[in-house]
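Good morning, colleagues. Please bring up the sequence and the structure, and I will then take you through the aromatic side chains.

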Amino acid sequence: MRAVPAFLSVFCLSAALLAGCTQGAPAGSVSTEGSAPAAVEEETPEPVMTNWKESAFYARPVTDAISDLELLSFEVSDAYYDGSEENDYSYFFITLTGELEQPLIEGTSESIQISMTIDQPVFTSDSEQTLETLDPATIVTGVDVVMYHPEVDSSEWEGLAQQAVDAFGLEPMTSSSTEPSPFDETRMIGYYTGPSTFNGQANEYAVFISLLGEDADAPVPDMPLYIDVALFYVIPEA
């Protein structure tokens, strides 16, 4: 796991040290020579924004969003580039993980993942495509929050999606679908959407619900059902 540099470091210095000279000092005076320096007091940085469940949290440089998430006890667990000039696509993905004091939805895991997508990323280096070389002005184009739940019948999925909508303060759902996957008829996919905004522009959120594949390792034991809340996705202009 690649370490992410701390973006905020705030220190408060104590009053300036006073130094005296004993030469010629009057009788009874106390020498300050060799006295211990005053303690340096460190202030705990505070996040600029705290509500990571709303789209506005991410409508700023991604380094600022990551910095605040780290102050809220999330940590970067993965960051990588995926692109192909031949197939004309270019993405950068950043995943942060964290443990909540209480689940967002009853029955879901306290452990969650926040995944950020950057479409057509720009880097400050021609040879490295890393989090450290990502253009500092970059704003994400998509954010997904993933949590896990014990397996339940697919007839209950829309109810879980509604709980997710309520937990994130999203607009009411305008469409819902719980159907077999077009790629695997034995696998059900729940897909529920509604209106959202990002950076002042109209957008759409989506809640995806499905079981992890049989070959996939469940990140949370005994919770193979994943609930993915995609807060928004911006399609870059051509």
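Over the ring of which residue does the charged end of Arg60 sit? The ring is that of Phe57, and the charged end of Arg60 lies 4.6 Å from its centre. Please bear in mind that this is a predicted model.

I turn now to pairs between rings. A pair of aromatic rings is described by the distance of the centres and the angle of the planes. Searching the whole structure gives ten aromatic pairs. In one of them, Trp52 and Phe74, the planes stand at 75° with the ring centres 5.5 Å apart, so this pair is edge-to-face, the angle being over 60 degrees. Distant parts of the chain are linked by this pair, its members being 22 residues apart. Trp52 belongs to the loop between strand S2 (41-42) and helix H1 (62-71), whereas Phe74 belongs to the loop between H1 and strand S3 (75-84). Both Trp52 and Phe74 are buried.

Tyr91 and Phe93, by contrast, form a stacked pair, with 25° between the planes and 5.8 Å from centre to centre. Tyr91 is partly exposed, at 25% relative accessibility, and Phe93 is likewise partly exposed, at 22%.

Is Thr117 buried or exposed? Its relative accessibility is 11%, which is under 20%, and therefore Thr117 counts as buried.

Notes. Residues numbered from 1 in each chain as written. Predicted model: local features only at pLDDT ≥ 70, side-chain atom pairs only at ≥ 80, totals over all residues. Heavy atoms only, no water. Buried < 20%, exposed > 50% of the residue type's maximum accessible area, 1.4 Å probe, protein only. Phe/Tyr/Trp six-rings, centres within 6.5 Å; stacked < 30°, edge-to-face > 60°. Helix = DSSP H or I, 4+ residues; strand = E, 2+ residues; numbered from the N terminus. Lys NZ or Arg CZ within 6 Å of the ring centre and 35° of its normal.
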